[in-house]
Amino acid sequence: SKAEFASLDPDDPAIGFNYDELNKKSLELGGGVWFYTPEFYAGASVLNISTSKNKFGQSAGTSYSPNYFASIGGRMLLAEKFSLLPSVMFQYSKPDLKCVNITGKLQYTDMLWLGANYRYSNLVGGYTGIAGLNIANTFNISYAYEISNTSELQQFSGSTHEIMLGIIFGNRYENVFNRNTY
């Protein structure tokens, strides 16, 4: 409500004509399933099950179609303290987004990891480098740097930085998939 839109273009659909148009609520549902063992995992999920509409300005609105994900991965012990964690994730959303993520992570004991990701997509392809640190058995912190390689994404951003803090709740066995057990 404190934003000043007077000097901005009122026809810009991202701005709207008044604060009430930006302060809307809509239901968004998602869900998924996850199966894992110490050496393998597979999962499937969907976002935007409810296909709600968002309206900006005087436009008729944008309906978000469901966004489907499927992933599979595993862990291979390379040496006593090193593991390789390859994975593949597929993503599909109508009408245009088709995406495959191929990731490889090299993990040292239960503490550090380095990895790389290649995302092949018609809209948002790119390369990513990742690094992370597990802190005890409930926290982890990681960093990712991505460079886009598709013209649709490069016109907005050539690269991104991301810092993530992970918290693992209810870890009564003090272990999760993607960690070595020694």
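How many bridges join β8 to strand β9, and which way do the two strands run? There are 10 bridges, and the pair runs antiparallel. This is a predicted model.

- Strand β8 spans residues 97-108.
- Its covered face consists of L97, C99, N101, T103, K105 and Q107.
- Its uncovered face consists of K98, V100, I102, G104, L106 and Y108.
- In a regular strand, side chains alternate between the two faces of the sheet.

**β8 with β9**
- Strand β9 covers residues 112-121 and is joined to β8 by 10 bridges.
- Y108 has L112 in β9 as its bridge partner.
- β8 and β9 form a hairpin with 3 residues between the strands.
- In this hairpin, T109 takes a positive phi near 40°.

**β8 with β7**
- Strand β7 covers residues 82-93.
- β7 and β8 run antiparallel and are joined by 12 bridges.
- They too form a hairpin, with 3 residues between them.
- P86 stands opposite G104 in β8.

**N101 in β8**
- N101 belongs to β8 and sits on the covered face of that strand.
- N101 counts as buried because its relative accessibility is 8%, and buried means under 20%.
- Leaving out residues up to four places away in sequence, N101 touches S87, V88 and M89, as well as N117, Y118 and R119.
- N101 and F90 are 11 residues apart along the chain, yet their C-alpha atoms are separated by 6.5 Å.

**V88 in β7**
- V88 lies in β7.
- V88 is partly exposed, with a relative accessible area of 26%, because that value falls between the 20% and 50% limits.
- Not counting residues up to four places away in sequence, V88 touches A70, S71 and I72, along with V100 and N101.
- V88 and R119 are 31 residues apart in sequence, and their C-alpha atoms are 9.7 Å apart in space.

**N67 in β5**
- N67 is in strand β5, which covers residues 67-74.
- Is N67 buried or exposed? N67 counts as buried, because its 13% relative accessibility is under 20%.

Definitions and conventions: Residues numbered from 1 in each chain as written. Predicted model: local features only at pLDDT ≥ 70, side-chain atom pairs only at ≥ 80, totals over all residues. Heavy atoms only, no water. Helix = DSSP H or I, 4+ residues; strand = E, 2+ residues; numbered from the N terminus. Buried < 20%, exposed > 50% of the residue type's maximum accessible area, 1.4 Å probe, protein only. Contact = heavy atoms within 4.5 Å. Pairing = 2+ DSSP bridges.
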